[in-house]
Amino acid sequence: MNDSVYVGNAGKDAALDRGWLLGHFKDTDDPRHSEAVEIKWGVHPPGDERAQWVRGEERTALLVLISGRFRVELPGRSVLLEQQGDYVVWGRGVDHSWFAEEESVVLTVRWPSVPGYAVDAPTPHG
């Protein structure tokens, strides 16, 4: 078996690490460890929201709607993702938050993978 290969299920694996599948926070001997990029499979019940805005963002992010209705809040702008495949990209320095209008599944890719940004009291879907 090749230790540089990992096969999994996003829904099952996401439940183990607050949705995160890949990033700097995985063990260094895990093929899912990366300092270049982070990937999250986010499953959000209706009404789920980020506990506080991310401020001082140092990463670029891509958020793609898989299912549901999901609102991304950006400074002076609210973006509603409502059709499968709708997405939004924001760059360094753009603060953000989010709200699940319906049960939603979203795929988030952000880069680079850097420590920080965790909400102090994470929710099961944070």
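**Notebook: core, sheet and one buried histidine**

I began with the largest nonpolar core, which has 13 residues. Those with the most contacts inside this core are L63, F70, V72, L74, L81, V88 and W90. I note that the model I am reading is predicted.

Next I picked V72 and listed what it touches, leaving out residues up to four places away in sequence. The list holds L63, R77, S78, V79, L81, V88, W90, S97 and W98.

I went on to the chain as a whole. The protein chain has one helix and eight strands. Reading from the N terminus, I get the order α-β-β-β-β-β-β-β-β.

Then I traced the sheet. I find an open sheet of five strands, in the order β1-β2-β8-β3-β6, with antiparallel pairing. β1 (20-22) and β6 (87-90) stand at the edges with a single partner strand each, so one side of each has no neighbour in the sheet. From one strand to the next, the twist averages 20 degrees.

Strand β3 (residues 60-67) runs antiparallel to β6, and four bridges join the two. I located A61, whose bridge partner in β6 is W90.

Which side chain does H44 meet in a polar contact? I found H44 in strand β2 (residues 38-44). Its side chain joins that of D48 in a polar contact of 2.9 Å. Is H44 buried or exposed? Its relative accessibility is 3%, and since buried means under 20%, H44 counts as buried.

Last, I took down the totals. Of the 126 residues in the protein chain, 37% count as buried. The chain exposes about 7300 Å², and carbon and sulfur atoms supply 51% of that area. Among contacts between residues at least 6 apart in sequence, 67% join residues at least 24 apart.

Terms used:
Residues are numbered from 1 along each chain as its sequence is written. This is a predicted model: local features need pLDDT of at least 70, side-chain atom pairs count only at pLDDT 80 or more; totals for chains, interfaces and linings use all residues. Side-chain values use heavy atoms; hydrogens and water are left out. Two strands pair if DSSP finds at least two bridges between them. Axes are lines fitted to C-alpha atoms, for helices over the stretch in contact, and angles run from 0 to 180 degrees between N-to-C directions. Buried means under 20% relative accessible area, exposed over 50%, partly exposed in between (1.4 Å probe, protein chains only). A polar contact is a pair of N or O atoms within 3.5 Å; within protein, one must be able to donate a hydrogen and the other to accept it, and residues adjacent in sequence count only if both atoms are side-chain atoms. A nonpolar core is a set of buried Ala, Val, Leu, Ile, Met, Phe, Trp, Tyr and Cys residues joined through side-chain atoms within 4.5 Å. Contact means heavy atoms within 4.5 Å. Accessible areas come from the Shrake-Rupley method with a 1.4 Å probe; for residues, only the protein chains shown count as cover.
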